[in-house]
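Thanks for making time this morning; I would like to walk through some aromatic contacts and the strands around them. Please have the sequence and the model open while I talk.

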Amino acid sequence: MSPESLNALALSIRVATVATLLNALLGIPLAYVLARKRFRWRWLVDLLVTLPLILPPTVTGYYLIVLLGRRGWLGAPLYLLTGWSVAFTWYAAVIASAVMAMPLLVRTARAAIESVDRDLERAAFTLGRSEWRTVLEVTLPQARNGILAGLVLAFARALGEFGATLMLAGNIPGWTTTVPLAIYTAVQTGEASEVLVLVGALTAVSCAVIFVAGRLGTSAT
Amino acid sequence: MSARLEVVVQARLADFTLDVAWTGGEGVSVLFGPSGSGKTLTLQCLAGLFRPDAGRIVVDGRVLFDAAAGIDVAPQLRRVGYVFQGYALFPHLSVRANIAFGLRDRPPAERARRTAEVIERLGLGGLEERYPHKLSGGQKQRVALGRALAIEPAFVLLDEPLSALDLPLRRALRDELQVILKDWRVPAVLVTHDFSEAYQLGDRVIVYEAGRVRQAAPRGELLRRPASSSVARILGFRNILCGEVLEAAADRIRLAWRGQVLEASNVPRRAYLPPRETPVVFFVRPEDPRLIRKEGPPPDRDHHTNILSGSVIREVDSGVTRTLLMRLDQPGTPAQGDYDLEIEIPGFVYEVLRLDRDRRWQFSIHRGSIHLLPD
């Protein structure tokens, strides 16, 4: 495996891992809120979270540029204040992957939380637990398998993310070139052996993830 | 004696309105009624899991909810033990952890002592490390009760505690539940739609229908004197009939029904004295009418009142008893579809009187067996 390919693989795993952590941090609370709370703008939140699943990745990527690019709604003030822009850094790859993976986690985790018997939560309330403690001690442990499955899907999606990453992070070798982008480049430049290596590596990582997830799933019951 | 539990609750839902007021004392108050009549919603209001629009809930002088005064104690602080339908044991926690769940804020030594005490008293020793899916129905019920009682609640709420079980087990666990509730001396509110359950477990029965209380009475009084025909119907009474008053006196009331004159006892203490021609509803328990043997002397008028005659048009064999659907000889529209009265007799009487061959009978209904239902 060439140093470039190795670099791309390491970057891909790093990006997917950080994106998955970000998903866990934001997506699980979001899934809980969508599953259990009724509020005015719920439909809008639901729509925004689900949209990346439906939109072509390049369209999602375009919106991310509009939002975070050097001249974007959030990107411009950030650039003015700090002289730094998230675009074309590996953080951009993380954000793009996280946004693309979010619907998979949120939808799976939400279904898992919705299927938790509400009487279990009510029982915890009458036994003195606050809502927050109930979520930690009852709801999440009960929804654990579904949430883990959602995290695995999110990781896999983040690992394979191409379109939105290309739009926001570009394809800078050694800097933002993740494995899917490296495969594309290698095919374009006719490096057949590198293609095989990269495709094999991504397949192996994916298989490992499925295997680990399966183990986690069975030990949880 | 002042009531320990005072409940006034109004709640308006999209397709249902709950508007109830009742009181409960020592022992078990049963909320009884068809499903969808608001019983579980009432329990949720008591536990603070559902917030009523208006009303007041007081337990032993402690106000848990008072809409007018803006009091709404959080469920966490109400000290209410709740046994859920299907028990809602935490599947990922052992029996011990389930029972100790409500004791988290106590010092570790006290928590351990109290948990051990509850486990011992409920006969759960040896099951401490088991998980709920490895428990039998009876063990689950005891764990659910233990979890609720461990917090030393001011009262316990039980939502159809026996509905998840098969019939034979149900009888046994009903007895067990009764023993536990007596033994722990905790006032309880129990929801059920099974009248035999309500009658056995309840000291006081509150009859619910369509979000309202139809009657609240000690259980014996409920059976003797249902407040209305709708209560009688909810209680599963048969032979609920409509007649018309001919003459009412303090101790007797005479009515016309199906072209016959029936005489019923009035309750002198609170005599019901409607004017002539007032429509009245009354019921006759199927086991009360008596068939009159054909051999022997003609019926003695002192012994038999309200003598009627008719024939069996259909019958239902339920093993120990036979239910005869009788139609009166009197022409006219039968009172209950194609028959007038249900009469239930023991199976051996059916055999002895050869009812399989002989279908035409005279029978009497004692005046005390005609129960008037003020509507």
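This is a predicted model: local features need pLDDT of at least 70, side-chain atom pairs count only at pLDDT 80 or more; totals for chains, interfaces and linings use all residues.

B:Phe101 is buried, with a relative accessible area of 5%, where buried means under 20% relative accessible area, exposed means over 50% and partly exposed lies in between, computed with a 1.4 Å probe on protein chains only. Residues are numbered from 1 along each chain as its sequence is written, chains are lettered from A and ligands numbered from 1 in the order in which they are written, and side-chain values use heavy atoms, with hydrogens and water left out.

Over all chains, a search of the whole structure finds 11 aromatic pairs, a pair being two rings of Phe, Tyr or Trp (its six-membered ring) with centres within 6.5 Å, called stacked if the planes are under 30 degrees apart, edge-to-face if over 60 and tilted for the rest. One of them joins B:Phe90 to B:Phe101 in a tilted arrangement, at 4.3 Å centre to centre and with 40° between the planes. B:Phe90 is itself buried, at a relative accessible area of 0%. B:Phe101 also has A:Arg129 over its face, 3.9 Å from the ring centre, the criterion being NZ of Lys or CZ of Arg within 6 Å of the ring centre and within 35 degrees of the ring normal.

What is the geometry between the rings of B:Trp257 and B:Phe282? Their centres are 6.3 Å apart and their planes stand at 85°, so this pair is edge-to-face. It links distant parts of the chain, with B:Trp257 in strand 13 (residues 252-257) and B:Phe282 in strand 15 (residues 279-283) of chain B, 25 residues apart; strands here are DSSP runs of E with at least two residues, and helices are runs of H or I with at least four, numbered from the N terminus. B:Trp257 counts as buried at 4% relative accessibility, and B:Phe282 is buried at 0%.

Strand 15 of chain B is mostly covered, with four of its five residues buried. With strand 12 (residues 240-248) of chain B, strand 15 pairs in the antiparallel sense over five bridges, where pairing requires that DSSP finds at least two bridges, and B:Cys242 stands opposite B:Val281. Strand 15 also pairs with strand 21 (residues 371-373) of chain B, in the antiparallel sense over three bridges, and there B:Phe282 stands opposite B:Leu372.
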